Amino acid sequence: MVKFFLVAILSLTSYAKTSSASPPQVTTDIAPVFGLVAQVMQGVGTPSLIIRPGSDAHHYNLRPSEAENIQKADAIFWIGTELTPWLETALTNLAVNAKKISLLDTPDITILETGKPGHHHSGSPQHSNDDHDKHDDHDKHDDQNLIDAHAWLDPENARIWLKVIAEELSLLNPENAEIYKTNATKAANTVIDLENRIRNILASRNMPPVFVQHAAFAYFENYFNFELAGALYDRENEPPSATHISKLHELTKNTPKACLLAESSIENNVIASVFEHTDLLVQEVNPSGVRGSVSNLAYFELLTALADSLQNCAQH
């Protein structure tokens with residue numbers, strides 16, 4: 001009985017320690033970032049999400065409630081202007097006192113330029129290890145259009161971000177620093193487990209050529225050393241041009257089986273034209289990880305959806 005009450009008291013003490021400090025108000029831009037921050041904040045608080053599920057991150061109109069969350073925020077984690085150029089003005093005007101963390105500026109993550117191989121990028125010159133890093137950083141800010149913003153599709157970047165998120169939250173809320181650190185480590189280990197599952201699937205000899213709806217998976221290709229067969233759309237959110245369809249015909253004319261990762265509905269005539277002579281399996285997977293309502297597991301769910309889709313491709 002004494003032991004029972006001792007355990008109960010210790011449990012209550014632990015809970016009081018966890019919840020004694022008021023948690024920081026945190027907001028995030030997109031679902032994958034929300035998922036990472038939510039994992040780090042588990043047991044302390046929950047972040048809010050700016051961009052509604054299924055919306056175009058590149059062009060977006062804030063709702064009053066979303067603007068209010070930005071205004072109240074102590075910290076804002078976002079990918080950066082490369083993904084949401086419109087958001088910079090909103091953050092400047094509304095989040096006057098908030099700490100704004102652009103994840104693409106994180107030191108030592110992999111940054112890809114559109115259509116080019118990956119390299120490690122340091123977010124500020126003082127973190128650079130050599131002149132090449134400084135040159136990369138200079139190029140990034142000179143022409144943001146060259147930067148592929150879908151950096152969350154590199155799981156190593158996500159693991160680095162988890163550590164950064166924990167560090168930034170600890171500065172705002174040092175009373176819960178140990179919780180943030182522990183949560184970040186636990187989440188990073190889960191990401192590693194999902195990475196290993198994806199690697200095993202990609203190693204299958206039965207994997208057919210895999211196409212995607214548009215070219216948003218370069219970080220995934222680069223990290224896993226897996227080459228996609230092609231992108232159905234040559235311009236995001238626009239139907240493929242006649243020239244691009246012609247190129248796809250050349251890729252698929254001798255392809256008996258293929259798989260397509262589609263994030264939204266595609267015109268049947270486009271699929272019928274491109275894959276006329278191919279046994280095609282279509283798998284729904286969105287690179288933004290948005291599938292219905294967003295949960296605290298959003299980033300894990302994204303990697304799981306990719307793994308499940310690719311496994312189905314390998315079994316096609």
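Predicted model: local features only at pLDDT ≥ 70, side-chain atom pairs only at ≥ 80, totals over all residues.
How do the axes of helix α7 and helix α11 cross, and within what distance do they come?

## Two helices side by side

Helix α7 covers residues 177-202, and helix α11 covers residues 298-314. Their axes come within 9 Å and cross at roughly 10°. Angles under 35 degrees count as roughly parallel, and α7 and α11 are therefore roughly parallel to each other.

The contact draws on residues from both helices. On the α7 side, the residues are Ala187, Thr190, Val191, Leu194, Arg197, Ile198, Ile201 and Leu202. They meet Tyr299, Phe300, Leu303, Thr304, Ala307, Asp308, Leu310 and Gln311 of α11. Sorted by class, the contact of α7 with α11 comprises 11 nonpolar, 3 polar and 2 charged residues.

## An open sheet

The structure also contains an open sheet of 4 strands, arranged in the order β2-β1-β3-β4 with parallel pairing.

Strand β1 (residues 26-28) runs parallel to β2, and 2 bridges join them. Thr28 has Leu49 as its bridge partner in β2.

## Aromatic pairs

A pair of aromatic rings is described by the distance of the centres and the angle of the planes. There are 4 aromatic pairs in the structure. One of them is formed by Tyr60 and Trp86, with 5.5 Å from centre to centre and 35° between the planes, and it is tilted. Tyr60 belongs to the loop between β2 (48-49) and α3 (64-72), while Trp86 belongs to the loop between β3 (75-78) and α4 (87-94). The pair therefore ties together parts that are 26 residues apart in sequence. Tyr60 and Trp86 are both buried.

Phe220 and Phe224 form another tilted aromatic pair, for which the centre-to-centre distance is 4.7 Å and the angle between the planes is 45°. These two residues are 4 residues apart in helix α8 (residues 218-224), so about one helical turn separates them. Phe220 and Phe224 are both buried. Together with Tyr223, Phe220 and Phe224 form one aromatic cluster.

Technical notes. Residues numbered from 1 in each chain as written. Heavy atoms only, no water. Phe/Tyr/Trp six-rings, centres within 6.5 Å; stacked < 30°, edge-to-face > 60°. Buried < 20%, exposed > 50% of the residue type's maximum accessible area, 1.4 Å probe, protein only. Axes fitted to C-alpha atoms, helices over the stretch in contact; angles between N-to-C directions. Parallel < 35°, antiparallel > 145°, perpendicular 65-115°, else oblique. Contact = heavy atoms within 4.5 Å. Nonpolar A, V, L, I, M, F, W, Y, C, P; charged D, E, K, R; others polar. Pairing = 2+ DSSP bridges.
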